[in-house]
Amino acid sequence: MWLLYYCYRYVDGTGGRALCPDFKGWDDLRDEFDLCGSSVATDGRTVIVGANGNDVVAPNAGKAFVFICTTSGWTMEDELLPTSIALTEDDNFGHSVSIL
């Protein structure tokens, strides 16, 4: 499953919006079975993107990624995995994400 994404930012003082530059680091994440982008949370200039089908730890164990908006576009800041438990097959971490 491929996910199509667009990111807009508000243009200061104009009330308009503009298409943001591409996410830096995003191309490395777009595996068609990772389901990257199936869940997304935003807060200001921070975006968390879930990839519950990511297989790096175990099949469909999942992962989430943090992107920060800078003056040159969106840059991947971090990769999130739980610290209190070990992920196993079909845990689907990143199925739902939020910023508190």
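**Questions about a predicted chain**

Student: Is Asn-92 buried, exposed or partly exposed?
Tutor: Start with its relative accessible area, which is 28%. Buried means under 20%, exposed means over 50%, and partly exposed is in between (1.4 Å probe, protein chains only). So Asn-92 counts as partly exposed.

Student: And where does Asn-92 lie?
Tutor: Quick background: this is a predicted model, where local features need pLDDT of at least 70, side-chain atom pairs count only at pLDDT 80 or more, and totals for chains, interfaces and linings use all residues. Residues are numbered from 1 along each chain as its sequence is written, and side-chain values use heavy atoms, leaving out hydrogens and water. Helices (H or I, at least four residues) and strands (E, at least two) are DSSP runs, numbered from the N terminus. With that numbering, Asn-92 lies in the segment after β7 (73–80).

Student: How many strands does the chain have?
Tutor: Read along the sequence, the pattern goes β-β-β-β-β-β-β. There are zero helices, and the number of strands is seven.

Student: What is phi of Asn-60 near?
Tutor: Most residues other than glycine have a negative phi. Asn-60, in the loop between β5 and β6, has a positive value, and so does Asn-92, with phi near 55 degrees. For Asn-60, phi is near 60 degrees.

Student: What share of the chain is buried?
Tutor: The chain has 100 residues in total. Buried residues make up 31%.

Student: Which residues form a nonpolar patch on the surface?
Tutor: Patches are made of residues with over 30% relative accessible area and no salt bridge: like charges are joined within 9 Å, and nonpolar side chains (Val, Leu, Ile, Met, Phe, Trp, Tyr) within 5 Å. Together the patch members here have about 250 Å² of accessible area (Shrake-Rupley method, 1.4 Å probe; for residues, only the protein chains shown count as cover). One of them is exposed at 60% relative accessibility, namely Val-56. The patch is formed by Val-56, Val-57 and Leu-81.

Student: Which backbone nitrogen does the side chain of Asn-54 reach?
Tutor: Asn-54 is found in the loop between β5 and β6, and at 6% relative accessibility it counts as buried. Val-56 is in the loop between β5 (46–51) and β6 (63–70). At 2.9 Å, the side chain of Asn-54 reaches the backbone nitrogen of Val-56.

Student: Which side chain makes a polar contact with the side chain of Asn-52?
Tutor: Asn-52 lies in the loop between β5 and β6 and is buried, with a relative accessible area of 7%. A polar contact is a pair of N or O atoms within 3.5 Å; within protein, one must be able to donate a hydrogen and the other to accept it, and residues adjacent in sequence count only if both atoms are side-chain atoms. Leaving aside neighbours within four places in sequence, Asn-52 is in contact (heavy atoms within 4.5 Å) with residues including Leu-35, Asn-60 and His-95. Its polar contact, at 2.8 Å, is with the side chain of Ser-38.

Student: How far apart are the C-alpha atoms of Leu-35 and Asn-54?
Tutor: Leu-35 is in the loop between β3 (23–24) and β4 (36–43). Along the chain, Leu-35 and Asn-54 are 19 residues apart. Their C-alpha atoms are separated by 7.3 Å.

Student: Which side chains meet in a salt bridge?
Tutor: A salt bridge is a side-chain nitrogen of Lys or Arg within 4 Å of a carboxyl oxygen of Asp or Glu, and a search of the whole structure finds one. One partner lies in strand β6 and the other in strand β7, so the pair ties together parts that are 16 residues apart in sequence. Lys-63 is buried at 7% relative accessibility, whereas Glu-79 is partly exposed at 40%. The N to O distance is 2.8 Å, and the side chains are those of Lys-63 and Glu-79.
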